[in-house]
Structures are given as structure tokens and as C-alpha cells.
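Please look over the sequence and the model below before reading on. The text after them is meant to be read with the structure open.

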Amino acid sequence: MEIARAIQEKHLELLAYNEGFEFTDTFFPYTSGKIGNYYVHSENVMKNRYNYREAIYDFKGLIDKILNQNQYDVISGGESRNWIFSLPIAILAAKEHAMLYKNWKVLGADLKNKNVIHIADLNSTGSSIRDLWLLIIKKNDGIMKHIFFYVDRCEEGTNVMKELELNSHALLYLNENAWNHLFRINFIDETTYRSLRERTENREEWARRMLRSERGLERLTKLLSDDKYKDKGYKILDLGYPDIKEELL
């Protein structure tokens, strides 16, 4: 078995057995307004100290395979889940660390004229990188060419990184091979596996089919009827899938 594949499968299992995945037979509303059939809680790798240590050391190993020590000066991480990985890796690499905040504050390393690599927990839509972390680094005259994720969902964020001309790397990619492995070790049942595969093949088609289904409409109705969650429901209609809003209503 290839080393890269073995590491991928190991971290799939680390997340799986630390409740890092949440699946549904309907849909979850995502922050972007899109919907999907799973959540990733990468922070759950901290639940087991030995698993957390493996995640940090393997993550550091990934960086070492791609960059040598003199190719970067500073490691940055954004508020706040990024720090789960960026802080301990900075210690292992003996590099300066910059804590980036959502209010544009920077604590720690001076970024001016420094080569910065950003470490993040999850690549989903790429909006945090595009709209916040990269801009903060540039505003502070830092130079960023590489970004490393613990988990890449292989969705919109992949294209966003390309548009930003960032070299993007991840320890774990949630693609067809990932779902095959979770099914092979009996972590997910056949129904969940089939739904994950269908969404992987065409996210937009899966979403519209789900929203038009009886189960999907029932789930959407519950969101819209609950004062606590109705904003998420309207976000699905207004931002996620405005082309079928009237049909769904």
C-alpha cells in the first residue's frame, strides 16, 4: 500500500472513531447556503491524546515533504480551530507563529517580508481564506504561497485556492476513495455510502434532488418553521439554490 494512501486511511479512521463525522439521511444546512449530507468535526481528533499526536506529527511530515525549512519563516493560523494544528506544528518546526483574528488583529510573529504558510483545519468553501486570512497576511506585508489543511472536503474551496494562486495541500481528502474506505470498514451503511457517492459525483444535482424530495421538503419546512433555524432555511433558498426557490415554496 502506498504511504500516502495509508496515511489517508489512518486519519479517516482517527476522525471516524473520535466522532469526527456526522451523517444524515436528509441534509445539513451549511454556512454558505448550500446543503450536504455530512459534517466534519476535525477538532475531535483532540479527544484522544495519542490520535492528536499522530495528527500533528503526520501533518508536520506532510509539510516537510513539500517544503524545506528555509522556504518559510512563519506559520499562521486563523481564529480559532486553525490553532489546533498551527500552534503545535510551529513548535515542532521551530518557527515563529502568527495568530490571526477575525477582527484583523495579529498576535505573535511579525509578518513583514516573511514567507508565511497558513495551516487550517478544514477546506470547505474557501471563503475564510479568500475573505480574511490571506487579506490579513497581505495587509501585514507577508508573502503567502502555500496553504495546508488537515481535511479538504474537495468542494468549492478547491477552486477558490486555485483562483487565489495558492498551492493547496491536505493530509486528508474527502473524495470517492475516502467514502469507499469508510464503507469497507463498515463505518457507514450502504444507504449512507450511496448518498455520499451520489453527492461526490454531482453536488448540485444531489442537492436539488434532495430538496425536491418528500424528506428534503419536510426538513426544509422544519427549518423555516423554527425561529432558531429559519435564517438557515432562507439562506438555502436565497443564496444556495435561488433558481428553485419559488418551486420549493
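This is a predicted model: local features need pLDDT of at least 70, side-chain atom pairs count only at pLDDT 80 or more; totals for chains, interfaces and linings use all residues.

Residues are numbered from 1 along each chain as its sequence is written, and side-chain values use heavy atoms, with hydrogens and water left out.

Rolling a probe the size of a water molecule over the atoms shows where empty space is left. Here the search runs on a 1 Å grid over the protein atoms alone: a cavity is a set of points where a 1.4 Å probe fits but cannot get out, and a pocket is an open set with protein on both sides within 12 Å along at least five of seven lines. Lining residues have an atom within 4 Å of a point. Points are joined across faces, edges and corners, and a volume is the space filled by probe spheres set on them.

The largest pocket holds about 950 Å³ of space. Its lining consists of 37 residues, and those nearest the centre are Thr31, Arg81, Leu122, Ser124 and Ser128. At least two lining residues come from each of strand 2 (35-40), strand 6 (115-123), helix 4 (127-139) and helix 10 (230-240); helices (H or I, at least four residues) and strands (E, at least two) are DSSP runs numbered from the N terminus. Helix 4 gives the largest share of this lining, with five residues. Sorted by class, the pocket lining has 11 nonpolar, 13 polar and 13 charged residues, where Ala, Val, Leu, Ile, Met, Phe, Trp, Tyr, Cys and Pro count as nonpolar, Asp, Glu, Lys and Arg as charged, and the others, Gly among them, as polar.

The whole structure has one cavity of 30 Å³ or more. The volume of the largest cavity is about 40 Å³, and its lining is made up of Lys34, Ile35, Glu156, Arg199, Arg203, Glu204 and Tyr241. Five of these residues are charged, two are nonpolar and none is polar.

Two packed helices are described by the angle between their axes and the distance between the axes. Helix 6 (residues 176-184) and helix 7 (residues 190-201) pack at about 175°, with axes 10 Å apart. Axes are lines fitted to C-alpha atoms, for helices over the stretch in contact, and angles run from 0 to 180 degrees between N-to-C directions. Helix 6 and helix 7 are therefore roughly antiparallel, a term for angles over 145 degrees. In this contact (heavy atoms within 4.5 Å), Glu176, Trp179, Asn180 and Phe183 of helix 6 meet Glu190, Tyr193, Leu196, Arg197 and Thr200 of helix 7. The contact residues comprise four nonpolar, two polar and three charged.

The backbone has some details to check. The peptide bond from Glu79 to Ser80 is cis, with omega near -10°. Ser80 sits in the loop between strand 3 (74-78) and helix 3 (83-93). Ala94, in the loop between helix 3 and strand 4 (96-100), has a positive phi of about 55° although it is not a glycine. Glu165, in the loop between helix 5 (156-163) and strand 8 (167-173), has a positive phi near 60°.

Methods
Angles under 35 degrees count as roughly parallel, over 145 as roughly antiparallel, 65 to 115 as roughly perpendicular and the rest as oblique.
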